[in-house]
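User: I am new to this structure and would like to learn how to read its features one at a time. Could you show me the sequence and model, and then begin with the helices?

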Amino acid sequence: VSTQSTWEAVVSTQSTWEAVVSTQSTWEAVVSTQSTWGAPPGDGELIHLTRTEEAPVGHEQHASALASILGNASAPVQDGVIRPFNPHSNDQHAAYGVCLRTGDNGRDASELYADHEALGHRWVGPYLAHYPELAFLLEVQGEVMGYVLGCLDSEPFYDWAASTWCPARRSECPRPEGDPAQYNKDEEIYAFFHSPNYMPPPPELADYPCHLHIDIVEKAQRKGWGTKMIERLLAAMAQRGGKGVHLEMWSPNTGAYKFYMRMGFEELLRTTGDYQPLAADQRAEPHVIFPSPRGLSE
């Protein structure tokens, strides 16, 4: 696997807010997937950032750099390990549990959902089913406390999720009736399965079709795991021919913005929650950030 001469990186995922937002110096705290994905905050914008840095030169240096990434990602910290997802185990249930425990803006959402698998079906299950080789779990002292999930090509993935994954959930997630504005949390997700509305990423991200999604429970944050998990996934993407990866975040999370700036990101694009261009008078409003796409291979 070779590395591009410009390693670029981004924050943005998709219309349904696969927002990965970190506040620590090591990609730790993730803005809860669900609140930013399913229902974007009012007066919100999306920000797209970029980062470039010199890559190693020469085949041996490329191989060494990749081995370093993999080695660091696998290094235990506080009796923990980052390991591949095992579809023939209890891993899906464990990952769904992490999704629920981070589903309320990074806090435990167990009391918000009667169906404790609803969030997992919405935000985790499609990745485990379609890209199990790009799913890694953080296990600390025998307990799964985080995951990082990836996709190599976003638009076909959304098409598959809408045509295959969502319909398969409908028998166990009945279509809610009545006014959608009155739906509870479970019903909001059930309604999505019956009328999925994935939107493609903005055209500016066409060269960066991969995206990723990470969640870590609170007690495992600020331990250095976030960086290792993302690097582990980026290496796996590169090995499988990934060309560039993107993420996305909301502008009100100023801690995350500062973190990405310290990481060498540059702002690429700001949009409204549905990826529309911002009017001049909207620049002071919250928005979504797409830190710049990260190249994975030549």
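Analyst: Helices are DSSP runs of H or I with at least four residues, while strands are runs of E with at least two, and both are numbered from the N terminus. Helix 4, for example, covers residues 118-123 and includes A118. The model is a predicted one, in which local features need pLDDT of at least 70 and side-chain atom pairs count only at pLDDT 80 or more, whereas totals for chains, interfaces and linings use all residues. Residues are numbered from 1 along each chain as its sequence is written, and side-chain values use heavy atoms, with hydrogens and water left out.

User: Is A118 buried or exposed, and with which residues is A118 in contact, leaving aside its neighbours within four places in sequence?

Analyst: Buried means under 20% relative accessible area, exposed means over 50%, and partly exposed lies in between, using a 1.4 Å probe and protein chains only. A118 has a relative accessible area of 0%, so A118 is buried. Contact means heavy atoms within 4.5 Å, and beyond its neighbours within four places in sequence A118 is in contact with D186, I189 and Y190. The C-alpha atoms of A118 and Y190 are separated by 7.8 Å, although the two residues are 72 residues apart along the chain.

User: Where is D91, and which residues is D91 in contact with?

Analyst: D91 belongs to helix 3, residues 91-101, and is buried, with a relative accessible area of 5%. Leaving aside neighbours within four places in sequence, D91 is in contact with R83, P84, F85, N86 and L137.

User: How many disulfides does a search of the whole structure find?

Analyst: A disulfide is a pair of cysteine sulfur atoms within 2.5 Å, and the search finds zero. The sulfur of C166 has its closest cysteine sulfur in C173, 9.7 Å away, which is too far for a bond. C166 is buried at a relative accessible area of 0%, and C173 is likewise buried at 0%.

User: How many aromatic pairs are there?

Analyst: Rings of Phe, Tyr and Trp (its six-membered ring) pair if their centres lie within 6.5 Å, with planes under 30 degrees apart counted as stacked, over 60 as edge-to-face and the rest as tilted. The count comes to seven aromatic pairs. The rings of W160 and W165 have centres 6.3 Å apart and planes at 35 degrees, so this pair is tilted, and both residues are buried. Ring pairs link W160 and W165 into a cluster with Y127, Y131, F157, Y158, F192 and Y198.
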